[in-house]
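Please look at the two-chain model shown below before reading the notes that follow. They take up each chain in turn, then the contact between the chains, and then some individual places.

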Amino acid sequence: MQNKPPAWLDALVKRFLPSELYEELLGDLHEQFAFQAEEHGAQKARWIYFFEVIRFCRPYFLRRRFSAHSKYSTSYTYSPTMIRNYFKIAFRNLLKHKGYSFINIFGLATGMAVAMLIGLWMWDELSYNKSFKNYDRIAQVMQNGSVNGDFFAGGHMPIPLGNELQTMYAADFKHVVMSSWTYEHILAYGDKKFTKQGNYLSPNAPDMLSLNMLKGTRTGLKDPSSILLSESVATALFGEEEPVGKLMKIDNKLNVKVTGVYEDLPYNSHFKDMTFIAPWDLYVSSEAWVKRAQDNVEWNNNSWEMLVQLSPTADFDAVTQKIKGIKIKHVPEVASFKNEVFLHPMSKWHLYTGWDKTGKPDGRIQYVWLFGIIGVFVLLLACINFMNLSTARSEKRAKEVGIRKAVGSVRSQLISQFFSESLLVVACAFVVSLVLVLLLLPIFNEVADKKLALLWANPIFWLLGIGFSVLTGLIAGSYPSLYLSSFQPVKVLKGTFRAGRFASIPRKVLVVIQFTVSVTLIVGTTIVLRQIQYAKNRPIGYDRNGLITVTMNTPELYQNYNALRDALIKSGGAVEMSTSSAPATNLNSQNGGFDWEGKDPNFKDSFGTIAVTHDFGKTIGWQFVQGRDFSRKFSTDSSGMVLNETAVRYMGLKDPVGKIVKWNGKPFQVVGVVKDMMMGSPFEPVYQTVFMMDYGWANVINVKLNPALSAGESLKKIETVFRKFNPGSPFDYKFSDQEYERKFAAETRIGQLAGIFAVLAIFISCLGLFGLASFVAEQRTKEIGIRKVLGATVPNLWGLLSKDFVVLVIISCVISTPIAWYFLNGWLQKYTYRTDISWWIFVVTAILAVGITLLTVSFQTIKAALMNPIKSLKSE
Amino acid sequence: MGRSYLGEFEELVLLTVAVLEGTAYGVTIAAELKQRMNNRLISLSGVHIALYRLEEKGFVVSELGGATSERGGRRKRFFRITALGKRTLAEMRQVRNELWDAIPNPSFS
C-alpha cells in the first residue's frame, strides 16, 4: 500500500515556504514521511507530518517568502514597502489639495455621522424591551373586533378574564398579571410629597418582569399593603435612609410599607414611566368600582390592562387560538362585532402599536424603515461626492499613472494604490464622524426623545462601524481605482489623452441622484410641516389661553367644590373654576347606550362622554350655536346635557334644544348645542360628544387664570389656595395649550428629523457641487481666457459655467416630483384631516434648489470669469 | 573575533554535516542527530533553518543532487562543510579544551 501525506498539508507548505526552497523541503518532508510510515505506521506518520508542517510555518521561512530582497523576488502587490509608498503619496495628495481633501473628508464624515446616528436610533428601537429576561414569553392580552367593517383593537380588559385564564388555562400561562395601567399618583413620606407614575400589579409581576431587586425580594407585593419602589424614587423619598420597612402613603389615603427597591427600568422599555409598583389587591380594595367589578364578575367592564407570561411549552399563536372565543362565551352580545381575545407579544409592543382599519399591524416600524432608508441615502450622497471628486481629478493624476506604469507598475498595484488612498480618507472621515456624533448626540437625543450613547464597549458597534467604513472606502474607491488604472501610459504621457465626451456622464448621473434625494427630502419636510400647521390652524372651539388643569388625586378635593371655587376666585388668581371628567384636551371616554327620539333601533351608537359642572362652559369658553349654557337658575339643568354640532348631525336631530336623550335609561334634557371642540386627535374629525351635568363624576379641576395678571403671579395665588384645600398633595398643574401642543409631538418629531436630514443632504450635495465647480473652472481656465480675449463678458462666462449644473438640478427636480408625491400622498392618507399637496410646493422647492446650486457654484464660476486672461494663457 | 556567532544547535548540525561527509541533507542530518542524541526531538524545519543560516554565514555550501523516487522525484540539496566551517569548529573545540583544562578539579565525581 502506497501511503501519501495529506495533500492539504502539502498545499499549505507551498503557500508558506519560499518558492526556491519548496522542492527540496517538500522532498525531505516526504522522504521522512515514508521513513516514519515504515517505522510507526501510516496513522502516526501523518500526525508527525502534520506537526512537522506546522513547524515549518515559522518566521524564518515566512520572512524569506515575503521579503523583497530575495534573490528571485518578483513585483509583489502587497509588499509593505509599496503599501507604505501608497500611503505616503496619498498623504501628499491630501495635503497638496487641502480644499478637496476637506470636502472629501468632511462630506464623508457628515454622511457617516448621520448613518451612525440613524444606526444607533434603529438599534435602540429594535432593542426596545429586550432588557426583560422573559422578553419572548411575555404578552399583553387584548381584544379586537370590527364595527361596520372597520377593524379595531384595544388593551382594556375585564377582571374576570384574568381569573379565567389562570384557572382554565393554567398549563399555558406561567403568570397572569392584572394592571391598573401606569398613572400618576402621589407618594408621600413625612413632609416629602411627589407626583410619580406607578402601577398596581398582581404579586407575581416582579418575577415576570425579572426585576433586579436592590433591597428586599420579589415576593414583596404578596403583602396587600406594601409597595415596591424604583431606585430613583426611593432616593427621592428617603435619601440616605434605609427605605425598606418604612411606612408611607399613596394618594394621601393608602398606608403602605416599603418592602423592596428595584433597579430603575431602562429608558427604552415599555415600563420606563413606572416608578413604583403597588399590589393589585390594594387597588381593588381601595376603589369601590373596581371592587364591584371583581365581586360581581363584571365581564362587561373593560377597564384594565392584563399581562401574561406563557409557560415554556406554549406559543402565542396556539394560545390565541384557544382563548379567542372566551369573551363571546361570557358576553354573547359582543359576538355582533366579532370580538376576539388575542395575545400581543412583547416583541411587538413598541414597533407594532396599532392596527389600521383592515386589521394590518402598523406603527413605528414604518419609521424605523424610513429612517434606515434615509440613512443609507445620506451615506450614498457622501460616497457619490467622493467618487465624483476623484474621477474629476483623474486627468490631473493621469500623468502620475502613466509614469508609474512606465516604470513597471502593473494594474493591480495601481488599483491597490487608489484603494489605499480612499481607505485613508475613509479612516480620517470615520474618526471625524465619531467626533461629530459625540457632539451631536445630546441634540439628537433631545429631538428624538431618546437616551442614546455611543456603544464604545460593544464589539458589534465596532465591527459594524469599521466594516462599514471599509465597505464605504471600497465602494467609493472602486470607480476611481478601476477607471484610473485603465489609462494607457503612451497616450497619457504623449499628451493626447482626452477623457472623451462621455467621461463626464457618470459624474452627471451621480449629481442628479444626489439632488433627487435632496429635493425629495425638502419636499417631504415641507409637507410634513404644512400638515402640522394645517392641523394647528383648525378652529378648536374653546379658549385654551390661561387654562390649566389639576388632577383630582386626593379625597379632600372632592368635598368642597363651592368653597374651593369661591376661594380661587377670591384669591384673584383665577376667574373661573369647574370640574369635569376629562380635561378639554383629552376625550378619554366613549360610550354607547344612548337613546333618543327617532333613533334607528339597530343603530350601534357611540358618543364621547364628558361629565361637567355648571361653570365648565365659562371656564373653557365654549361657543353656543343653539340654546344656552348650563345655568343655576334652572333647577332642571341638574339633568341637563349639551351636545356638539357633530353629535346633532350624528343623531339626525332637527331641533335638538329641549329634546330628551336617555343614557342607560336616565333622561337628560338638551339645553344647548356648542361648536365642535377639538378634544381628540387634531388630525381626525371631531367626535360626536355629549356633555352631561354630573358633579360626582369628576377627575380634573379646570381653572381659568386671571388674564390681568401674569401666569406666574396667578399660579402663586392659586397654589396657596390648593395648599389649604389639599394639603396632602403637591400642587401639580398642566397648561392646556402645552397639552394641546403635545398632540403634535409625533408629527413634529418626524418633521424635525426630516428637516435635519434634508439640510444635511443638501449640505453634502452642495459640498460635492462646490468641489466639482472648482474643478471645472480650473479645467477650463484656458478656454475662459480665450473667450475673454475674444470679448466674452463676465455674466456671459458665469452663465456658461453655471448652466451645466443648473440643468442637472432641474432634471433632479423633475425626477423627484413624482417620487415625493407618491410617498407623501401615502403618508397623508393616514390622516383624515389632511393638507393637500399643491403644485407650488414643488415649484418653490425647485427654485430653492436651483438657487442654492447657483450660490454654491457662483463663487467658483465668478472667480474663474474674473481671472485675468493673460495669466491663464501664458502658463505652459 | 570577527567570526559569526554559532548557536549550540547550529554547531551540532555543522558537526553532523562534517560527519556525514557527502551524504548530508535534511533527512539524514535529522536522523543522525536524533540517533546520537538519544531520540531528542529534532524537527526537520529546525535542521533546515540551521542549514540555511550556516550557508548564509559561509560555513557550508550546497548543491542540488539527482532525483530519487522515494521523494516523488524531487531533488535533494546536499551540504558540504567549507574550510571556514572546519576552522571555526576547530577554534571552538580549542576554546573548550582550554576551558576544560583550566578547571581546577576536572573530575566532577
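## Chain A as a whole

In this predicted model, 37% of the 876 residues of chain A count as buried. The secondary structure of the chain comes to 30 helices and 26 strands. Among the contacts in chain A between residues at least 6 apart in sequence, 81% join residues at least 24 apart.

## Chain B as a whole

Chain B has 109 residues, of which 28% count as buried. Its secondary structure consists of four helices and two strands, and read from the N terminus on, these elements follow the order α-α-α-β-β-α. When contacts in chain B between residues at least 6 apart in sequence are taken, 45% of them join residues at least 24 apart.

## Where the chains touch

How many residues does the contact take from each chain? It takes 15 residues from chain B and 16 residues from chain A. On the side of chain B that touches chain A, at least two residues each are supplied by α2 (26-36), α3 (44-57) and β2 (75-81) of chain B. The element that gives the most to this side is α3(B), with four residues. Sorted by class, the side of chain B that touches chain A has six charged, five polar and four nonpolar residues.

## Helix α28 of chain A

Which residues of α28(A) are buried? They are L797(A), L801(A), S802(A), F805(A), L808(A), V809(A), S812(A), C813(A), S816(A), T817(A) and A820(A).

## Two asparagines with positive phi

Although N252(A) is not a glycine, it has a positive phi of about 60°. N252(A) lies in the loop between β8 (247-250) and β9 (254-262) of chain A. Because N252(A) has 19 C-beta neighbours inside 10 Å, it counts as partly exposed, the cut-off for a buried residue being 20 or more.

A positive phi is also found at N664(A), which is a residue other than glycine and has a value near 50°. The place of N664(A) is in the loop between β22 (660-663) and β23 (666-674) of chain A. Is N664(A) buried or exposed? N664(A) is exposed, because 9 other C-beta atoms lie within 10 Å, and a residue counts as exposed at 12 or fewer.

## F468 of chain A

F468(A) is placed in helix α17 of chain A, which covers residues 459-484. With 17 C-beta neighbours inside 10 Å, F468(A) counts as partly exposed, since that class lies between the cut-offs of 12 or fewer for exposed and 20 or more for buried residues. How far apart are F468(A) and F430(A) in sequence and in space? The two residues, F468(A) and F430(A), are separated by 38 residues in sequence, and their C-alpha atoms are 9.8 Å apart in space.

Terms used: Residues are numbered from 1 along each chain as its sequence is written. Chains are lettered from A and ligands numbered from 1 in the order in which they are written. This is a predicted model: local features need pLDDT of at least 70, side-chain atom pairs count only at pLDDT 80 or more; totals for chains, interfaces and linings use all residues. Two residues are in contact if their C-beta atoms, placed from the backbone, lie within 7 Å. Ala, Val, Leu, Ile, Met, Phe, Trp, Tyr, Cys and Pro count as nonpolar, Asp, Glu, Lys and Arg as charged, and the others, Gly among them, as polar.
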